[in-house]
Amino acid sequence: MNIKTINTLYAPEDIAIGIVHIGLGAFHRAHQAVYVEKNLNRNLGGDWGICAVNIRSNRQLVDQLKAQSCRYHIAEYTDNQHAELREINAIRDALFAGEDKEALFEKLLSPHTKIVTLTVTEKGYYVTPSDKKLRRDDPSIQHDMQSPTTPKTAPGILVEALFRRKALGLAPFTILSCDNMPNNGEITRQAVCELASLRSEEFAKWIKESVAFPCSMVDRIVPAMTDESRARLQAELDCNDPNAVMCEAFSQWVVEDNFPLGRPDWELDGVQMVKDVHPFETMKLRLLNGSHSLLAYVGSAAKLNTVADAAADPKLVALIRHYMTLEAAPTLDMPESVDVQAYIENLIRRFSNDSLQHKLAQIGMDGSQKIPQRWLPVAENRLALNQEIPAIALGVAAWLFYVRGESVTGQTHIVDDPMSQTFSEIHARNSDPESLIREMLTSESVFPESLRQDEGFFQSVLKSYLTLTTKGVVDCLQFDQPDTTRFGE
């Protein structure tokens, strides 16, 4: 195997912390921390080290990182024969802030902290996907409303930290969401400002006027680590690191350039610093993530396990190529310099990378939070123009069946979704497919009003659901390869 090793060139103990990151997991370690590492390596040091924090789970990872002085490795696989093993020291401190968050607030109140980044998943912002309003009825948000000085949620932590910084006369840090959501900066602003307004309208006004919430787009396939993948790293790369992460070689980060207190010179490390992230995030969400979700739910119905397994099936490849080329891509408005068809073909090659073993079950998590951003804007756009959506209808049908928690043959699986109990109850009281689909599609938390009221959308999903549950997956996959020579017409 062809292995390239990249080591840290700076003295980690000399690095100051300028970034606090909330949501220490595999993606942060394989994406944002890698860009910071490249920056520190290129500058042979600096003031942009990271303090990475978990606030709800995975204390073990924090303890393991601290035991290694926060040093770990990233294995970037191009394919099964080529990998790059990179040493990472950019995380200079790790915290678990469960019940006691004062150590975290100490970091957030430091004058050296200029940027706070987040990867807390879509549900960690407590914003309803359909109307982008704060979920005030959520028990954790209720707690933060009643006990703002001891918050449980990421928005609550940010509000309390900003409140304390304002009281101390400290300039507010920049808040940079790195989660996979459209307009993630605006969603973060909405959650923080709405929660702050319940404390003081004047305080919320100060946040709106003083705090920067730049948007960003992140892209790198990072499968969850398993005992099997750790054993593989040791066997193939001689990497015996319990905190190591595997990922693909491809990585992209597009960031709105709005950092009042300064930022690393990331543009020299491969980050695209732009005025408007929206076209890039929309393309990625609708094409890459939308295809991922299709493979997750339709592939699971076909009893497949990984993205590479699904990408090896010509019928599933035809499905996602049809979806991307004929349904999603025409709804994009990209700069002329972006070759959308080349992007699509590159995605299909990335999906075929069987070195990652990216589980479909991992992608299938939190569907109620993901599909409103990935599929439903495309569906709204096309249906408004009286255009068909066969791939999206199949995807929604497969998802609605997936959240039942049981396959056609009776095999059960865990539905990891904040609305799993609601979906289970709807399935339990509706044995008739038509009534089931009609009730599921009335969910205001998932589906926008235009789709809830669209009879054509209902009929398309119902037709796919009936085919899927009575005839099987193969009968659903009747998608021809699109004629890409007429792309975009």
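Student: In which helix does His427 lie?

Tutor: His427 lies in helix α18, residues 420-429. Helices here are DSSP runs of H or I with at least four residues, strands are runs of E with at least two, and both are numbered from the N terminus. The model is predicted, and local features need pLDDT of at least 70, side-chain atom pairs count only at pLDDT 80 or more, while totals for chains, interfaces and linings use all residues. Residues are numbered from 1 along each chain as its sequence is written, and side-chain values use heavy atoms, with hydrogens and water left out.

Student: Is His427 buried or exposed?

Tutor: Buried means under 20% relative accessible area, exposed over 50%, and partly exposed in between, using a 1.4 Å probe and protein chains only. His427 has 14% relative accessibility and therefore counts as buried.

Student: Which residues are in contact with His427, leaving aside its neighbours within four places in sequence?

Tutor: Contact means heavy atoms within 4.5 Å. By that criterion His427 touches Leu400, Val403, Arg404, Leu436, Met440 and Tyr465. The C-alpha atoms of His427 and Met440 are separated by 8.7 Å, and these residues are 13 apart along the chain.

Student: Which residues of helix α9 are buried?

Tutor: An α-helix has 3.6 residues a turn, so residues three or four places apart point the same way. In α9 (residues 227-237), the buried residues are Ser229, Arg232, Leu233 and Leu237. They cover an arc of only 100° around the axis, which means that they are on the same side of α9; the arc is that of the directions from the helix axis to the C-beta atoms. Asp227, Glu228 and Ala235, on the other side of α9, are exposed. The buried residues pack against β1 (2-6), β4 (72-79), β5 (82-88) and β10 (245-248).

Student: How many disulfides does a search of the whole structure find?

Tutor: A disulfide is a covalent bond between the sulfur atoms of two cysteines. The criterion is a pair of cysteine sulfur atoms within 2.5 Å, and the search finds zero. Cys178 is in no disulfide, and its nearest cysteine sulfur, that of Cys215, is 11 Å away. The sulfur of Cys247 lies 12 Å from the closest cysteine sulfur, in Cys239, which is too far for a bond.

Student: What is the strand order in the open sheet of three strands?

Tutor: Strands of a sheet pair through backbone hydrogen bonds, either parallel or antiparallel. Two strands pair if DSSP finds at least two bridges between them. The order is β9-β11-β12, with mixed pairing. The edge strands β9 (216-219) and β12 (272-274) each pair on one side only.
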